[in-house]
Number of protein chains: 2
Amino acid sequence: MARGRPPAHTREQVVDAAIGIADVEGLGAVTMRRIAQDIGAGAMSLYTYVPDKDRLVDLMVDRISGTVPPIAITGDWRTDLLALARSQRTLMRAHPWLPTALPNRRLTGRNTLAYLEQGLAALEPTGLPGSIKMEIVALLTGLVATFVTAEVAGTTPVPEQVALIGEAVASGDFPQLAATLAEGGQGREPDFDRIAGWTITGLVTQALNS
Amino acid sequence: MARGRPPAHTREQVVDAAIGIADVEGLGAVTMRRIAQDIGAGAMSLYTYVPDKDRLVDLMVDRISGTVPPIAITGDWRTDLLALARSQRTLMRAHPWLPTALPNRRLTGRNTLAYLEQGLAALEPTGLPGSIKMEIVALLTGLVATFVTAEVAGTTPVPEQVALIGEAVASGDFPQLAATLAEGGQGREPDFDRIAGWTITGLVTQALNS
DNA sequence: GCAATTATCGTACGTCGTACCAAAAATAGT
DNA sequence: ACTATTTTTGGTACGACGTACGATAATTGC
């Protein structure tokens with residue numbers, strides 16, 4: 001029944017290899033030749049499994065989205081949305097290239113849709129209009145991406161930025177910034193649950209009151 | 001006093017040419033050869049004005065940030081933060097490549113710092129700790145970027161996504177999504193002021209109450 | 001004039017995505 | 001068994017990219 005030369009690999013193999021490279025060396029290290037080398041194939045053979053590189057990234061996103069277990073819907077939107085945000089954060093921390101890959105990307109598969117579905121389910125008890133629910137889910141995803149990006153990048157202070165900020169503060173043109181930096185780190189450190197909780201509660205309650 | 005052969009162009013000229021290309025044809029169309037051609041220079045001459053392409057993008061971001069007039073600080077954080085968010089949105093709509101360029105980008109210049117300064121100034125009356133103020137500004141920027149990205153991309157429905165969603169809905173596995181889509185567009189359409197207002201109020205009031 | 005200095009930009013290298021196509025490996029029909 | 005058909009493989013090659021290198025040109029200071 002299966003005519004023609006049998007494939008030596010699978011689409012999943014290709015996508016998984018790409019994800020493995022991106023996880024360790026970043027999305028920039030993902031090239032067709034590199035993937036091919038990793039799975040022991042010729043570069044051009046990959047095009048049997050994937051139409052082009054852009055779609056491959058779409059497939060990468062959808063595939064890792066499938067690795068997240070669905071959240072339990074309790075019926076309390078606060079709890080459920082926070083659980084969803086948490087699982088997204090876990091996913092993005094495991095695959096730090098994800099926030100970079102997300103913008104301008106099409107909805108690519110059932111796993112990505114499943115995420116949206118869960119967001120809508122979490123918001124069901126609010127009785128908000130569907131379009132508002134969609135917005136809230138999108139904004140929540142953006143928030144998590146912003147947070148994780150800052151979280152991952154924030155660990156390494158770039159000396160050249162320190163210099164810029166230092167002389168900016170010294171110039172006296174940025175009094176608020178100077179005061180904030182002088183204040184030091186005695187503020188609470190970034191806490192995902194707190195931030196996400198604020199946003200969720202803020203967005204939904206404001207939406208309900210308008 | 002200025003020894004050696006005089007420069008035929010300026011850094012601003014190079015950066016502005018790059019911005020012009022990006023505005024019309026997207027960030028992907030910005031190449032060193034293309035910029036050089038636009039300003040009538042050899043490709044390699046650009047390296048007199050800019051260390052490399054990555055820094056050039058940094059300079060692009062900082063330069064357009066300088067085109068935004070500073071907001072008037074009224075002392076009401078709600079008003080001032082919304083004004084800041086609005087001006088950021090205006091900027092991002094005028095330069096749609098900006099949300100794409102933002103993630104993982106270093107603070108590059110005084111104009112970018114000035115934006116941060118304004119955010120801190122707007123939050124001054126709240127009396128929140130500096131680190132919290134910083135977070136709120138960062139999250140607000142992320143929110144605007146998310147919104148504008150959706151706003152700009154949302155105008156063109158991709159047929160291939162419609163097909164995916166259609167069959168997903170037909171499969172019955174996504175009841176919430178199906179219900180939401182069936183509900184149609186009778187919900188209010190995305191309104192930036194409303195969304196930004198929710199988030200600002202939500203974030204700040206929750207921060208104050210915790 | 002003559003060095004010293006600085007900018008210009010043609011050439012070239014390595015890397016990328018991927019178009020093209022001959023070779024290889026399987027089945028279906030005879 | 002053989003042939004025709006179908007499908008995958010992967011080598012070669014093309015155009016575009018960022019940019020290293022270095023010869024050349026244009027300016028100032030002595």
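Between chain B and chain A there are 4 salt bridges. By that I mean a side-chain nitrogen of Lys or Arg within 4 Å of a carboxyl oxygen of Asp or Glu. One of them joins the side chains of A:Arg110 and B:Asp173, at 2.5 Å from N to O. Polar contacts next. Across this interface, 10 residue pairs make one, both residues at pLDDT 80 or more. The rule is a pair of N or O atoms within 3.5 Å; within protein, one must be able to donate a hydrogen and the other to accept it, and residues adjacent in sequence count only if both atoms are side-chain atoms.

Which elements give two or more residues to the side of chain B that touches chain A? They are α6 (110–123), α7 (130–153), α8 (159–171), α9 (175–182) and α10 (192–208) of chain B. Helices here are DSSP runs, H or I, of at least four residues, numbered from the N terminus. α7(B) gives the most, with 11 residues. By class, that side of chain B has 24 nonpolar, 19 polar and 12 charged residues. Ala, Val, Leu, Ile, Met, Phe, Trp, Tyr, Cys and Pro count as nonpolar, Asp, Glu, Lys and Arg as charged, and the others, Gly among them, as polar.

A word on the source. This is a predicted model: local features need pLDDT of at least 70, side-chain atom pairs count only at pLDDT 80 or more, and totals for chains, interfaces and linings use all residues. Residues are numbered from 1 along each chain as its sequence is written, chains are lettered from A and ligands numbered from 1 in the order in which they are written, and side-chain values use heavy atoms, with hydrogens and water left out.

Now the whole interface. 55 residues of chain B contact 55 residues of chain A, with contact meaning heavy atoms within 4.5 Å. 100% of the interface residues of chain B are also interface residues in chain A, so the copies meet through the same surface.

Last, DNA strand C. For B:Ser45, a polar side-chain atom lies 3.3 Å from a phosphate oxygen.
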